Amino acid sequence: MAYKKLFASWAGFAAIFSSGLAHAEYAWNFPEPVTPLALDTLHVHNEFMLISIAIFLVVLAIMIYSIFTHRKSKGHQPANFTGPSTKSQVLWTLVPFAMLLFIDFVVMGIPAYHSVVMMEDTKTDADMVLKVTGSQWKWQYEYPAEGIKFVSTLTTPEAQIYNKEAKGEHYLLDVDNHVVLPVNKKVRILLTSTDVIHTWWVPQFGAKRDAIPGFMRETWARIEKPGIYRGQCAELCGKGHGFMPIVVEAVSEADYKVWVAQQKAKQESAAASAEKQWSKDDLMKQGAEVYAKQCVVCHQANGQGLPPTFPALAGSKLINGPMLDAGGRLVKDGHLDRVMNGKPGTAMQAFKNTLSDAEIAAVVTFERNSFGNKMGDMVQPAQAKALR
Amino acid sequence: MTTATIATHDDHHDHGHPSGIQRWLFTTNHKDIGTMYMIFALIMFMVGGAMIMAVRAELFQPGLQLMKPEFFNQLIGVHALIMIFAALMPVATGLANWLIPMMIGAPDMALPRLNNWSFWLLPPAATLLVMPFILALFGIGTGAVATGWTLYAPLSVQGGMGVDFAIFAIHLLGISSILASINVVVTILNMRAPGMTLMKMPLFVWAWLITAFLLIATIPVLAGAVTMLLTDRHFDTHFFDAAGGGDPILFQHLFWFFGHPEVYILLLPIWGFMPHILSAFARKPIYGHKAQIYSFWAIGIMSVIVWAHHFFTVGMPLPALLYFMYSTMAISLPLAVLFFCWIATIWRGSMTFETPMLFALGFVILFGIGGLTGLVLADVAADAQYHHSYFVVAHFHYTLFAGGIMGAMAGVYFWLPKFTGHMYDEKLGKTHFWLTAISFNLTFIPQFFLGLAGMPRRIPDYALQFTEFNMISSIGAFSLGLSQLLFVYIIIKCARGGEKASDKVWEGAKGLEFTLTSPPPYHSFTVQPVMK
């Protein structure tokens, strides 16, 4: 009988609202909101769902009544009407229409208007700016006022992904560098991308916005509760799309200041290291680390790449060719040029925006002396700095 | 209401038809072409289904078990393209070919040779879609298109040659649809029986007329968009590249200017025949014939002005967001009129519950869930949570599987005895319905919750909190897929024989097609019927 299936379908919907009673492992509704925007969105969602379920149940009840009463097996004789015929009937058919009009544009429409206006107001009373840049497949974060810049990538080990190891608690939702933000500050979040479209989504913030190459988009968050919030990229951005998590750590303002000071110190020491002369071993060691973080998703751990989309580094003409001319200038389309400036129209991004001088020098040196490549030369951070 | 003059000697035009394989290759007969469309759709439905069952197997538990993410992306993209262009659209076109001439009292479609071409463009197009998978097995290329069915630039600009294959497949599919649409429009406007005014025309015919106009209006935009993509990929243009002065969002605007009406292109034919079925099994005339025609028009027109609600998160000016939000909500009004008419059609009827009726009632209820969840998606702020999450996946499967495919199944069961001359196995048909309806809900209800909890769509692997619902959903998907084997069996069994179907087939059936024999003669009406 129809009612079994009907019951199954609306019971599922009704369950959205029974979150309090639900088994802890199942999530029936939005995760707990921690920003005014997310809270507002949750309220709007709940209201809309309630109205939708009410409409659905009323219509379903009418249908079920009809299905059970007006059946041939009960000897019910069919009526013959094809439309409203009297004035009062016309009026009655207009009632559901008018009700829907009212629900759409007043009951739902007005709260929806207010939440859209709230969502789009990224500037009023903003306290700080966070710039987010999506790249295949990592997020770069920048705090323009503080001068802080770092890259955040997935840290879930491959062994867990390929089921060779037990999965950690935050499987696929852990990164090396958390975004740290102060609580109760309106953060204006600017988004862009270096290659394809990504979407920055932290469900508990109620903020989801695309990061588009060549354009700037914005959203905002005022996190009201300290804690660690996790999200993921939400726009299909290639094979690493499922492995581009976002982790935001909301801390008190005092802790945030401490963190900013630490980051600044770190960045200064990195800048200072660009001035000194590095040994080849140091460059190789640092280069292997950078490679594992930045390059391995495309060019693979063995340097073989995934041709034709991601070329092999092993035996590559580019890598086994000159990178600087006699005057110390970049050879166009040479190895160092490619790493620093990327290749437009492909997934190869310009790493000079992402990596420090030391990191660029190290990874280029590493690539020229690994995977069977034996160029034997090296790049010093100072050289990379000079070429910016 | 109608009087049909049936030719007593029904095949006096039947001389010298090609037989064997030539009959099918060169046929210009609307019934043969309709049959080929429907068989093609069924085969591709099974292919698309097999692909998504592989995807659900991968998603059965967290971790990567069966496939690499690249292959996963190819499967989800090709699944969608196949289901939309090679399963749902052809089945609707197949029904149009079979039914439109019979419903309006014409001997055939107006442009029979064109009709043959519109069908024979499909198999090469489907081959182009699937071939990259096979080529990859031989080490050629990187497999099929891996960008999702939306082919968003710039991802599609840097994709492998699978994208080029998809672009050419879309061109062929588009040409096929436009040719078929022209044929439908010309047939409907020129070949109606005397006395069949536009307002007397059956709803299925009306719905297809509007579908055809929508196709003619929007397919060229898609063709243009994918051609621009092709030149961006190979001829150094920069339509979608900001560095060269282009705009990646332009692609989304062009794509969804086609993509949103496409939803209605898929659904309008189904909405068109749904009242025929409900009215036949309620033994009651269709309620609100005119109101439904006006609603079709309203939905058709509105569908081309609301496209940007598919990418609210891309960042638009506030007035644009408000416009697309309110215009999208407005579509619920004509749609509600349709629902109202469907329910009023069964109200106070004398219902029986044969398989087509079960599918039709299931359609009304489940499609209702799809429609209502669409209403909440229109809200821009809440959409930020739903967009690109599994909530959306569940929503559009309620509209396109429950509304589209289960609706199409209702039509197939309803007219199958007319097409084949045999009754299908009623018991198996009912079993098929219940298996489909239950496993469909088992598959997609959990996906609503996955989406609300924050699981993005198109990810090959997921965080641990999503495990249980994904398992339930996968179990549902496997049983949904396997249930369809029963459907294939029922159709084959019915085509091969069985209880003879009467001309009228169903006690409450109305319409010119039921005045013909089952199966109908080669040229449906050799003497034009007259409508009074």
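Analyst: In this predicted model, strand 1 and strand 2 of chain A form a hairpin, with 2 residues between them. One of the pairings can be named: A:Val132 has A:Tyr141 in strand 2 of chain A as its bridge partner.

Strand 1 of chain A also pairs with strand 5 (residues 186–193) of chain A, here in the parallel sense and over 7 bridges. On that side, A:Lys131 has A:Leu190 in strand 5 of chain A as its bridge partner. In a regular strand, side chains alternate between the two faces of the sheet. Strand 1 of chain A (residues 128–135) is largely enclosed by the rest of the structure, because 6 of its 8 residues are buried, that is, under 20% relative accessible area.

The meeting of the chains comes next. Between chain B and chain A, 104 residues of chain B are in contact with 104 residues of chain A. The area buried between the two chains is about 8800 Å², and carbon and sulfur atoms give 70% of that area. On the side of chain B, the most area is lost by B:Gln158, B:Ile365 and B:Gln385, together 8% of what that side buries.

The rule finds 25 residue pairs in polar contact across the interface of chain B and chain A. The side of chain B that touches chain A has 67 nonpolar, 26 polar and 11 charged residues. The count of salt bridges between chain B and chain A is 1. B:Glu507 forms a salt bridge with A:Lys72, with the closest N and O atoms 2.7 Å apart.

Key
Residues numbered from 1 in each chain as written. Chains lettered and ligands numbered in written order. Predicted model: local features only at pLDDT ≥ 70, side-chain atom pairs only at ≥ 80, totals over all residues. Heavy atoms only, no water. Buried < 20%, exposed > 50% of the residue type's maximum accessible area, 1.4 Å probe, protein only. Helix = DSSP H or I, 4+ residues; strand = E, 2+ residues; numbered from the N terminus. Pairing = 2+ DSSP bridges. Contact = heavy atoms within 4.5 Å. Buried area = accessible area lost by both parts, 1.4 Å probe. Salt bridge = Lys/Arg side-chain N within 4 Å of Asp/Glu carboxyl O. Polar contact = N/O pair within 3.5 Å; in protein donor to acceptor, adjacent residues only side chain to side chain. Nonpolar A, V, L, I, M, F, W, Y, C, P; charged D, E, K, R; others polar.
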